[in-house]
Amino acid sequence: MVREPPDHCPRCGARLAPVDPPDRFHCPDCDEPVIYHPSPTARVAVVDDRSILLVKVDVPDRDLWGTPGGFVEAGEGPDVAGVRELEEETTLRAAPEDLVLFDARTFPKFGTMHKTYVCYALDAADAEGEPQPDHEVADARYWTPAELAAADDRLLTSWPEAYKDLEWWLEKARSALARA
């Protein structure tokens with residue numbers, strides 16, 4: 001499996017033959033399939049009564065924010081990845097069983113790379129510690145929709161349209177927590 005549509009076999013380097021593009025190819029030299037899949041990512045929406053925790057992407061001159069999260073590693077469940085990424089990016093600790101699934105979707109990100117986001121809600125009261133940016137992010141703080149709207153900062157621009165709306169995140173996360 002590769003993370004971007006392949007042109008050549010990752011085993012031998014031979015040019016691939018398309019079988020069912022954009023995700024299935026065949027290597028004529030190895031006589032093996034090569035499959036392109038989206039990269040799984042876990043996101044955590046930590047919410048309280050009026051705000052959501054966001055992390056600032058560590059890119060100079062860009063005030064872009066998103067929910068804490070990152071790639072699911074081999075052998076790891078998405079909920080475990082969510083709490084690992086939450087701690088890595090914000091120093092907050094949580095238990096996987098406190099996460100409540102509320103959205104999953106696949107979309108193109110970074111051109112030809114596709115990602116599958118598995119989104120979880122976490123009540124801020126269930127998170128241990130105070131959010132502090134770690135080495136992976138430039139800042140970590142709670143935002144209300146009004147605060148973000150009044151700032152020059154924005155949610156990540158490479159996200160699907162719904163994800164670019166802070167109200168959407170708050171509504172979906174709070175609704176999931178209320179049903180749990």
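Ala, Val, Leu, Ile, Met, Phe, Trp, Tyr, Cys and Pro count here as nonpolar, Asp, Glu, Lys and Arg as charged, and the others, Gly among them, as polar. These classes are used at the second stop.

The model is predicted: local features need pLDDT of at least 70, side-chain atom pairs count only at pLDDT 80 or more, and totals for chains, interfaces and linings use all residues. Residues are numbered from 1 along each chain as its sequence is written, and side-chain values use heavy atoms, with hydrogens and water left out.

**Stop 1: the whole chain**

Followed from the N terminus, the order is β-β-β-β-β-β-β-α-β-β-β-α-β-α. Along the principal axes, the C-alpha atoms fill a box of roughly 60 × 35 × 30 Å.

Of the 180 residues, 43% count as buried. Buried means under 20% relative accessible area, exposed over 50%, and partly exposed in between (1.4 Å probe, protein chains only). Contact means heavy atoms within 4.5 Å. Among contacts with a separation of 6 or more, 60% are between residues 24 or more positions apart.

**Stop 2: the largest pocket**

Next, select Arg43, Val57, Gly69, Glu89 and Leu156. Of the 25 residues that line the largest pocket, these are the closest to its centre. A pocket is an open set of points on a 1 Å grid over the protein atoms alone, where a 1.4 Å probe fits, with protein on both sides within 12 Å along at least five of seven lines; lining residues have an atom within 4 Å of a point. The largest pocket holds about 420 Å³ of space, where grid points are joined across faces, edges and corners and the volume is the space filled by probe spheres set on the points.

Colour the elements that give two or more residues to this lining: β4 (39-47), β5 (52-57), β6 (64-66), β7 (69-71), α1 (78-90) and β9 (114-123). By class, the lining has nine nonpolar, seven polar and nine charged residues.

**Stop 3: strand β4**

Select β4. Eight of its nine residues are buried, so β4 is largely enclosed by the rest of the structure. Two strands pair if DSSP finds at least two bridges between them. β4 and β9 run parallel and are joined by nine bridges; the bridge partner of Thr41 in β9 is Tyr117. β4 and β7 run antiparallel, with three bridges, and Arg43 stands opposite Gly69 in β7.

**Stop 4: Leu86**

Select Leu86, which is in helix α1. Is Leu86 buried or exposed? Leu86 has 0% relative accessibility, so it counts as buried. Leaving aside neighbours within four places in sequence, Leu86 is in contact with Val46, Leu53, Pro68, Thr91, Leu92, Ala94 and Leu122.

**Stop 5: two positive phi angles**

Most residues other than glycine have a negative phi. Select Thr91, in the loop between α1 and β8 (100-108). Thr91 is not a glycine, but its phi is positive, at about 70 degrees. Its relative accessibility is 26%, so Thr91 counts as partly exposed.

Finally, select Asp31, in the loop between β2 (24-27) and β3 (32-35). Phi of Asp31 is near 55 degrees, also a positive value in a residue other than glycine. Asp31 counts as exposed because its relative accessibility is 55%.

Note on methods
Helix = DSSP H or I, 4+ residues; strand = E, 2+ residues; numbered from the N terminus.
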